[in-house]
Amino acid sequence: MKAVAYRTPGPIERGDALQDITLEKPQATGRDLLVKVHAVSVNPVDAKLRVRRAPAAGEWGILGFDAAGVVEAVGPDVKDFKAGDAVFYAGSITRPGTNSEYHLVDERIVGRKPTSLSDPEAAALPLTAITAWEMLFDRLDVKRPTAQGGQLILVIGGAGGVGSITIQLLRALTDLTVIATASRPDTQAWVRECGAHHVIDHRQPLAPQVQALGLGAPGFVFSTTQTDHHYADIVELIAPQGRFGLIDDPAELSALPLKGKAVSLHWELMFTRSMFGTPDMARQGQLLNEVAALVDAGRIRSTATETAGRIDAATLRRVHAQIESGTARGKIVLEGF
């Protein structure tokens, strides 16, 4: 089978950063599905792993998490899928990725593809939808209002993949007023299109902009990017007894500044359930089915904004460079080998 992989971590500009290779087609065992991959999307974590994580000696590192495709075969212990099922999912960080013609994935983290979406449109959603859903409803518990600002949330990085679907889920499933950040005219327009009630500029100090809206202090803050840059503003603007969640990787983050306001700190990593095989691992598959139902009901939509081309090394190198530039809007997808 065809795949795109790397052997040595490093910058995307290097000639061997990502390469087209051929591997043996894997076999489904246990609770695994063998999926024929039709489309994938690229996430910031792909680029981070390409730079930081070396494959085992003599092995290829295959990146990619989001995928949409069709089940080719199932392992003997599979309960909920059969060959021919159309699926979408975000794979495990501990296994080979989706940038390959065929991919093995545990059925518990797989959802049924929305019938109203094409494969590329569906491939844009899983990783970011799981991240947003787990942060909003499992970590921040936004349906349980805070004492102050309990109907107001600030989403930092509203135009990115996670931000784009976070805003939509908030509008579809809650009554919260959504403030989101974006810095360019095109990204600000996109954030409004996704459903943000108010948009502020994250290139400027956030606290004065939130205060100027006259809505009061938000009880919830979800930071998707550059948390270390915005941290002092977050501490200043969040309501006492608020809840603050983040998904990026600050070099340092002291929780001490949150003590005065008794603000709780919440981390989200959508790989945790599959990485540790948690008892509630199957919740991710269920969650994706709920996302698919929302899509098919017209309550949320795909965040795909560009189909970059076929799934090959040249196209993935270009998309990785775009992701690393920090200028991407929504999700970039690739289709076919």
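This is a predicted model: local features need pLDDT of at least 70, side-chain atom pairs count only at pLDDT 80 or more; totals for chains, interfaces and linings use all residues.
Residues are numbered from 1 along each chain as its sequence is written, and side-chain values use heavy atoms, with hydrogens and water left out.

Start with Arg52, which sits in helix α1 (residues 44-52). Helices (H or I, at least four residues) and strands (E, at least two) are DSSP runs, numbered from the N terminus. Arg52 is exposed, with a relative accessible area of 59%; exposed means over 50%, buried under 20%, and partly exposed in between (1.4 Å probe, protein chains only). Skip its neighbours within four places in sequence, and Arg52 is in contact with Pro9 and Asp249, contact being heavy atoms within 4.5 Å.

Next, pick Thr303, in the loop between α9 (283-296) and β14 (304-309). Is Thr303 buried or exposed? Thr303 is buried, at a relative accessible area of 0%. Leaving out neighbours within four places in sequence, its contacts include Ala124, Ser164, Trp190 and Lys331.

Hop over to Asp141, in the loop between α3 (126-139) and β8 (152-156). Asp141 is not a glycine, yet its phi is positive, about 55 degrees. Asp141 is partly exposed, with a relative accessible area of 26%.

Finish at Ala262, in the loop between β12 (243-246) and β13 (264-267). Ala262, also not a glycine, has a positive phi near 55 degrees.
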